[in-house]
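Trainee: Can we go through this model together? I'd like the overall picture and then some detail.

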Amino acid sequence: MRNPATDCVLLYESAFRNPKGGNALEDSELYQLLQTDPELGMRECIAQYYALVAAICKGILPHAPQDAEECVNESFLRLWQTLDTMQNPAHLRAYLCMIARNRALSVYRKNRAAAQRSEEL
């Protein structure tokens, strides 16, 4: 039986190793942009990391595409909400990936528990 969490780690590691595009901002630069111009910073962050966050969420929730998409959106929202508490701006990407992974795993566990309850009935 496939383990979505393990599959996610493999997707995450391969995406994390990919080099950034030619005009991609470094995490510290992106963090600074989020601080000075939040709207533009968030647009840049989504443009730069959407594919990575989507791969993480879809890797954990391959049979629930709507839940995966919701996790992607919630991950960026959570980043926005917790930006001021971030300890190391140079690790923005890793922080966002952790948010996405944790959110998707939470939804996976909730879905699995709901499926088990419905089987018991």
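Mentor: The protein has five helices and zero strands, taking helices as DSSP runs of H or I with at least four residues and strands as E runs with at least two, numbered from the N terminus. Along the sequence the pattern reads α-α-α-α-α. This is a predicted model, where local features need pLDDT of at least 70, side-chain atom pairs count only at pLDDT 80 or more, and totals for chains, interfaces and linings use all residues. Residues are numbered from 1 along each chain as its sequence is written, and side-chain values use heavy atoms, with hydrogens and water left out.

Trainee: At what angle do α2 and α3 pack?

Mentor: About 145 degrees between helix α2 (residues 27-36) and helix α3 (residues 38-60), with axes 6 Å apart. Axes are lines fitted to C-alpha atoms over the stretch in contact, and angles run from 0 to 180 degrees between N-to-C directions.

Trainee: Which residues make the contact?

Mentor: Among them are L30, L33 and L34 of α2 and L40, M42 and Y49 of α3, with contact meaning heavy atoms within 4.5 Å.

Trainee: Which α5 residues are buried?

Mentor: L92, R93, L96, C97, I99, A100, A104, L105 and V107. Buried means under 20% relative accessible area (1.4 Å probe, protein chains only).

Trainee: And what share of the protein is buried?

Mentor: Buried residues make up 33% of the 121 residues.

Note on methods. Buried means under 20% relative accessible area, exposed over 50%, partly exposed in between (1.4 Å probe, protein chains only).
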